[in-house]
Amino acid sequence: MRKILFLSLLFAATALSAQKPVELLLWPDGAPNTNGLTGAQEDLKGGRVANVVNPSITVYRPAKPNGMAVIMCPGGGYGRLAMNHEGHDMAAWFTTQGITYAVLKYRMPNGHNEVPLSDAEQAIRLVRGHAKEWGLNPNRIGIMGASAGGHLAASLATLYGSDATRPDFQILFYPVISMLKGVTHGGSRKNLIGEAPSDELEQKYSLERQVSPQTPQAFIMLSADDATVLPINGIGYFLALREQKVPATLHVYPTGGHGWGFRDNFTYKRQWTGELEKWLREGLAFPE
């Protein structure tokens with residue numbers, strides 16, 4: 001009991017000693033593309049937001065940075081963003097480990113499939129651009145995402161435009177991966193590539209088909225009973241990574257459904273946090 005109390009106090013003290021979060025606009029001088037949305041951001045129930053017109057990252061810096069950073073892409077079917085349980089709620093967990101943590105508030109496609117990925121690429125540019133100031137190793141910057149945010153994270157990992165925007169690792173919560181009918185999440189597919197996409201577009205965003213030996217190492221987790229985003233999405237991506245000899249680990253929990261994020265009511269929260277912490281500490285391999 002004393003040990004638990006001590007660890008709880010240490011966690012709280014470390015969290016409090018971390019610097020206050022800072023929000024940075026991705027495109028302070030205007031984005032190079034548009035999704036056609038205008039007006040004010042919509043703040044919805046449960047910490048969700050929609051109609052993002054000014055994309056940003058909110059950065060949480062630890063008291064003692066270990067050189068690693070993680071950029072989180074919340075889910076929401078490419079129609080909205082679950083900013084709390086798939087975003088801000090995880091900040092203290094990461095910063096306590098010395099990891100700089102950033103939550104990406106990205107724009108929705110709204111008929112322009114290239115927009116979310118452009119925001120993700122700009123986010124990693126921003127983090128790498130502040131590496132010296134924030135005590136980061138620019139070669140230890142990872143991307144993370146949940147559900148459709150997992151699709152965006154995996155898009156960055158497979159479709160990055162240059163070495164400057166390639167993440168060094170990826171962490172995926174119950175991700176949407178494929179755009180193929182019968183496999184994909186229907187709402188994410190419709191919002192990203194439309195109701196009747198070309199074969200070329202469908203193949204491009206079916207990320208299990210875009211894996212190469214240069215795709216970064218991955219940690220994937222999901223529930224076996226997920227009826228919203230079928231497990232074959234994450235499992236198929238894992239198999240594609242292994243086929244290309246990309247280091248990858250997959251954790252499938254018996255129950256939990258979809259969308260658990262950092263919520264305490266997920267039965268296997270202690271398991272996934274412990275397994276991810278160990279992977280971040282011991283499972284990653286970086287070039288010297």
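Which residues does Thr158 touch, not counting residues up to four places away in sequence? I looked them up: Leu207, Gln210, Val211, Thr215 and Tyr237. Contact here means heavy atoms within 4.5 Å.

I noted the ground rules next. This is a predicted model, where local features need pLDDT of at least 70, side-chain atom pairs count only at pLDDT 80 or more, and totals for chains, interfaces and linings use all residues. Residues are numbered from 1 along each chain as its sequence is written, and side-chain values use heavy atoms, with hydrogens and water left out.

I placed Thr158 in helix H5, residues 148–159. Helices (H or I, at least four residues) and strands (E, at least two) are DSSP runs, numbered from the N terminus. Thr158 is buried, at a relative accessible area of 13%. Buried means under 20%, exposed over 50%, partly exposed in between (1.4 Å probe, protein chains only).

Then I turned to the sheet. I found an open sheet of 8 strands, ordered S1-S4-S7-S5-S8-S9-S10-S11, with mixed pairing. S1 and S11 (248–253) are its edge strands, each pairing on one side only. Two strands pair if DSSP finds at least two bridges between them.

I checked one pair. S4 (residues 56–60) and S7 (residues 100–105) run antiparallel, joined by 5 bridges. Tyr60 has Tyr101 in S7 as its bridge partner.

Last, I looked at Leu25, in strand S1 (residues 22–25). Leu25 is partly exposed, with a relative accessible area of 45%. Beyond neighbours within four places in sequence, Leu25 contacts Asn54, Pro55, Ser56 and Leu126. I also logged 9.4 Å between the C-alpha atoms of Leu25 and Lys105, 80 residues apart along the chain.
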